[in-house]
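Hi everyone, thanks for making time. I'd like to walk you through one model today, so please have a look at it while I talk.

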Amino acid sequence: MNLVRPTPSSSPDIPQLRARVNGIREQARQRFQSGSGGVPVACFLSESFDELLCELMELAIADWPADQRDLARTSGSLVAVGGTGRGEVAPYSDIDLLFLDRGTPGSEFRDAATKMTQLCWDAGFELGHSVRTTRECLSLAKQEGQIATSLVEARWLWGDQGLVTRMKSAYQSQVVRARLRAFIKCCIAARSEDWGDVRPTALELTPDVKKSLGGLRDLHLIRWMTYALCGQPDLESLRLHGLLPADDIRRLRTAREYLTRIRLNLHFAAGRAQDVLTREDQLRLAVEGEYIGTAAQRPVELFMQEYFRHSSAIAEITRRFISLERRPTLLKRVIDGFATHRSDGVLLIRPQEIDVRDRHLPRITGSIAAMLKLFKSASLYGLLPSPRVIEAIKHAVPKVAAPLSEHEARIFRDILSSPPMLGPVLRQMFDCRLLDYVIPEITHTRCLLQFNQYHSYTVDEHTLRAIETVASFDKDDGPVGSAYRQIQRKDVLHLALLLHDVGKGYEEDHSELGRRIAERVAERLHFSEEQRDQVMLLVQQHLVMADLAMRRDFTDESLLVAFARTVGTPDTLRMLYVLTVADIMAVGPGVFTTWKGDLLADLFDRAMMIVSGKRYSYLEEARMQAVKRHVAESIVPLDGTPDDAAWQRWVDRQLAGFSAYYLTCTSPHRIAADLDIIQHLKPQEIRVEGLFDRLTRSVDYRIIMREDVAQGVFHRITGALTSKRLEIISADINTTADGIVVDSFRVLDRDYSGDVPADRIQEVSDAIRRVLVEDVPIERLFRANRRYGSHLRKGPVADLPLRVVVDNNSSGSRTILDVFAYDRPGLLYVIARALFELNVSVDLAKIGTHFDQVIDVFYVTDAKGAKITDEERLRHIRHTLHARLEEFERDGHPE
């Protein structure tokens, strides 16, 4: 379709045309708000727009002579295609039109089409249009799926109606019937173009009501295929031809009305085309729908759970319908017949799937054991059961679960023990609800929403993706792959991963409730007592390792020993490590980073040292020796040689002055480079280095200076970075015993989609120096970077409460402040400035960890470097921070 807008015309009365369009939309809004159904309102819009479009077509030729008007009407037709042809449009949908030209000599019709498109734009329509002959339509429809599908529901609006009838007849015979398989394939391909490179899911937490899997476009796909198979693009034809059962038709109609109403609401609320159900819209619709929350689920979660039930139904029926209609050709069936062999006398192991003859289906669907054996065979052969078999199993699975026999439980444990096909097999068992029978508690997670900023999927989809992720570790050549391959009882790990979030959606803490559910499930599956306890521990502790790695200083020996004691054995530690990585990776795209992977791997290595019975100090001593070797090989002393005793004492003193966290989480190469800078550092010098990392698409800014050069270093640097529109994703704050500041800030520069250029890094480095040397007010930097404010004013999309928690138990030398807040640009600066004004020194900061909830963690001391123990002062710190955060969230700027 041509989406290039023509130059506006000076006539006719454009305000009157726009008022007419807006009047139609307002009438539709009033019908919608008075309770009319979504589909009837969409039909009203379509009928009203049809009438207006015909009037505009007449208006386009109104000032022509009568003979030319007649030629325009008889030499072509105005045809509604695509969404406009379906007769159900949203208020601000594009208007899809085909100007069907007879192809006779003379330009009257094409001239009329040109004037008509101008009038449409003037009226305020977003127009998608083309001018083609019937021959051109048929030729392009055979080549391009989007064009082929747009003609399925083409409707005559104006002009020569017989021309449209003949075009549709030729289209049906030449494009559809003569090449039925190719047409169906092209319909599916046209639908797939909406998804891009990302694997689609019906359980995406900010879905596109039209284009996401399970959206309205899936209903369109069913209509296209119905037209090909039945000659009419309506759901009733599917029932009459026995292609879908009546219950599926009912579910599709209900979902169509529900999604249409949601889409209309989004358009009316935005005053423009808007099909993405944003988190803000979700909160609004939950209020408008008067959903009543419970202690376990918020109103928005109940609303979205209902939404996902409808989208999942559409996605599941569409997937099944497509699979059943993708029948192989006769030639392919013959070829596959030579490559097919039998298994167990019943299963037909074909090249692409496992099938069962109709007469043998009752032997598969007649018992739970037989169904489970089928999926065990799927794991063995690396092939999934055919859609026909899955459909039979779905109807055969009992609604009420009975106790599992030892034989049934053993088959399922065998399935859990086979990584290569684990993800696809469990997903298919979930789809046909056999998994619900084996583990009834899984049913609760279906379409269960986690309404927060960082989860991208519902609980069930997140769990299945975690299973698919963990199975991929079998071929991973990193530390997590090595740990996974060493695990002997993978069924224990995989069951724990299946159950790790099964406690969500209840009032109780999901880890504690999950532990009790894991106990019941493990006993139902006839695991041994030892294995049952292992599953229970993994479910209960599934957040602990990530919490320790990303929110605490795990170089603290007491914390590490306590963690190792909780885990108990090397095998359980490996399982918890692998489970943690899979869990984070399945949260959503881009959540698991190299930085998080390195932290978890380091924690895993340290904990393994302890649970394996070795001294913790052994690892520290070995690492320090490696650092000293690297320093000796990399640095040339200012005076003397690397062998001088004085030089060695200087190196030892510097290393002793660094925190254990710095020495643990900084590479020997970087430590050596820092020491080289320190030995050359002049009294008032500030060294700022910026290094772009292509792997993480982030820039690491490193600041080294003497602490007496400036006060409030932490909050000044965060202010400078924030004023430059940089997103701070981690910060390491270090001050040596000799008073040398070594701070590192890793940031994302959203101003650049590719590599961050050297001049930008230099610009930011100069800004950091300026705020430290010249005492430039941070507020002035904010005002100087006006674009900064544009992304600050957006409010939170979640209604999670602000919290400031004081932890004085986890560290013996420092007070820990956990700040729970909505993450937005400027947040870190507001916290850092408040801490500076409270005369609190930040010793270590863990920024933006974003695991399960947004939290920033600060290890702090008083001005003298001592732990803060006075209860009144701690209360004052907590209350002040909370007040500053409330003010920031309300006003939207940190100035």
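Predicted model: local features only at pLDDT ≥ 70, side-chain atom pairs only at ≥ 80, totals over all residues.

Helix α17, residues 368-381, and helix α18, residues 387-396, have axes that come within 11 Å and cross at roughly 150°. With angles over 145 degrees counted as roughly antiparallel, that makes α17 roughly antiparallel to α18. The crossing of α17 past α18 is left-handed. Which residues of α17 and α18 meet? From α17 we have M371, L374 and F375, and they meet V389, I390, I393 and A396 in α18. By class, that contact of α17 with α18 has seven nonpolar residues, with no polar and no charged ones.

Now a second pair to set beside that. Helix α22, residues 459-472, packs against helix α29, residues 570-585, at an angle of about 125°, and their axes are 8 Å apart. So α22 and α29 are oblique to each other. Their crossing is right-handed. On the α22 side, the contact is made by H462, A466, T469 and V470, and on the α29 side by V578, A582, D583 and M585. If you sort the residues where α22 meets α29, you get five nonpolar, two polar and one charged.

Let's move on to a sheet. Four strands form an open sheet with mixed pairing, in the order β3-β2-β1-β4. Why is one side of β3 and of β4 left without a neighbour in the sheet? Because β3 (127-133) and β4 (155-159) stand at the edges, each with a single partner strand. From one strand to the next, the twist averages 25°. Strand β1, residues 76-80, runs antiparallel to strand β2, residues 95-101, and five bridges join them.

Helix α2, residues 38-60, touches β1, β2 and β4, and its direction makes about 25° with that of β4. Helix α5, residues 108-123, touches β1, β2, β3 and β4, and the direction of α5 makes about 170° with that of β2.

The chain averages a pLDDT of 87, and 89% of the residues score at least 70. Over residues 330-336 the pLDDT stays under 50, and the model has four contacts beyond four places in sequence for that stretch. Residues 786-797 also stay under 50, and for those the model has 32 contacts beyond four places in sequence.

That's my tour, and I'm happy to take questions.

Methods:
Residues numbered from 1 in each chain as written. Heavy atoms only, no water. Axes fitted to C-alpha atoms, helices over the stretch in contact; angles between N-to-C directions. Helix = DSSP H or I, 4+ residues; strand = E, 2+ residues; numbered from the N terminus. Parallel < 35°, antiparallel > 145°, perpendicular 65-115°, else oblique. Left-handed = near helix turned anticlockwise from the far one by under 90°. Contact = heavy atoms within 4.5 Å. Nonpolar A, V, L, I, M, F, W, Y, C, P; charged D, E, K, R; others polar. pLDDT = per-residue confidence, 0-100. Pairing = 2+ DSSP bridges.
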